[in-house]
Each structure stands twice: as C-alpha cells, then as structure tokens.
Amino acid sequence: SSLGLITPLQTFDVESNNMEGELFKPEYAGPNGLTEIENWRVSLNNFVGSVPSEIGRWTKIQNLWFADNGITGIIPSEIGSLEN
C-alpha cells in the first residue's frame, strides 16, 4: 500500500520504531498525495533517500521531523516557502 493514497491523513508519527526503507516517495508529495498532512514525525528510524522538491506541496505542514535517519542530499529550497 502507499501513503499517497491516504490523502486525508493529517498526522504520520512513527518516531523511534526502527523502521527502514525509502522515506519520501514521489507520490507522497504529488497532486494525489498527502495534501492534508500537518505532522510528519519520522525521526530516530533507519529511513533512507532524499527530500524531494515536491515537499513544497505540503502547504499545511506544521511539524516536519526526520532527524536521525539516513537521509542524503540537499534540503530543497521549497521547504523555505512553507508557511506553517
């Protein structure tokens, strides 16, 4: 299953659960993705990958926590445009 199919999801909190895999998949931030997400708390796991520029579509995000994972690459400038 894909989180991108749960568009009304507002909170995703899996901190400190020893989870692994790719953290940000393109469909999560796409037009049919997590458009209502307000809280994304995934710190202290074993997630990998990079933060896509499409994250700028998460206009309702208030908490974006993904520290202490295997995230690589640069933080996209679109994060700076988020208002909450």
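## Surface and charge

How much of the protein's accessible surface belongs to carbon and sulfur atoms? In this predicted model, the share is 48% of an accessible surface of about 5000 Å².

The protein has 4 positive and 11 negative charges, and their mean positions lie 5 Å apart.

## Overall fold

Let's step back to the architecture. The protein contains one helix and six strands, arranged along the sequence as β-β-α-β-β-β-β. Its radius of gyration is 12 Å, close to the 12 Å that the globule rule gives for 84 residues, so the protein is as compact as a globular protein of that length. Along the principal axes, a box of roughly 30 × 25 × 20 Å holds the C-alpha atoms.

Of the contacts with a separation of 6 or more, 68% are between residues 24 or more positions apart. Buried residues account for 37% of the 84 residues.

## The nonpolar core

In soluble globular proteins, nonpolar side chains tend to be buried together. Here, the largest nonpolar core has 18 residues. Phe24, Ile37, Trp40, Val42 and Trp58 are the members with the most contacts inside this core.

Beyond its neighbours within four places in sequence, Trp58 is in contact with Phe24, Tyr28, Ala29, Leu34, Ile37, Trp40, Leu64 and Leu82.

## Trp65 on strand β5

Another tryptophan to visit is Trp65, found in strand β5, which spans residues 63–65. Trp65 has a relative accessibility of 39% and therefore counts as partly exposed, since that class runs between 20% and 50%.

Which residues does Trp65 touch, not counting those up to four places away in sequence? They are Glu15, Trp40, Arg41, Val42 and Ser43. For Arg41, the C-alpha atom is separated from that of Trp65 by 4.7 Å, although the two residues are 24 residues apart along the chain.

## Asn45, a buried loop residue

Finally, have a look at the loop between β3 (39–41) and β4 (46–49), where Asn45 is found. Is Asn45 buried or exposed? Its relative accessibility is 5%, so Asn45 counts as buried, the cut-off being under 20%.

The surroundings of Asn45 come from several parts of the sequence. Leaving aside neighbours within four places, Asn45 is in contact with Val14, Glu15, Ser16, Asn17, Asn18 and Met19, and also with Asp68 and Asn69.

How values were computed. Residues numbered from 1 in each chain as written. Predicted model: local features only at pLDDT ≥ 70, side-chain atom pairs only at ≥ 80, totals over all residues. Heavy atoms only, no water. Helix = DSSP H or I, 4+ residues; strand = E, 2+ residues; numbered from the N terminus. Buried < 20%, exposed > 50% of the residue type's maximum accessible area, 1.4 Å probe, protein only. Contact = heavy atoms within 4.5 Å. Core = buried A, V, L, I, M, F, W, Y, C linked by side-chain atoms within 4.5 Å. Rg over C-alpha atoms; globule rule 2.2 N^0.38 Å. Areas by Shrake-Rupley, 256 points an atom, 1.4 Å probe, with all protein chains shown as cover. Lys, Arg positive; Asp, Glu negative; His and termini not counted. Charge placed at Lys NZ, Arg CZ, Asp CG, Glu CD.
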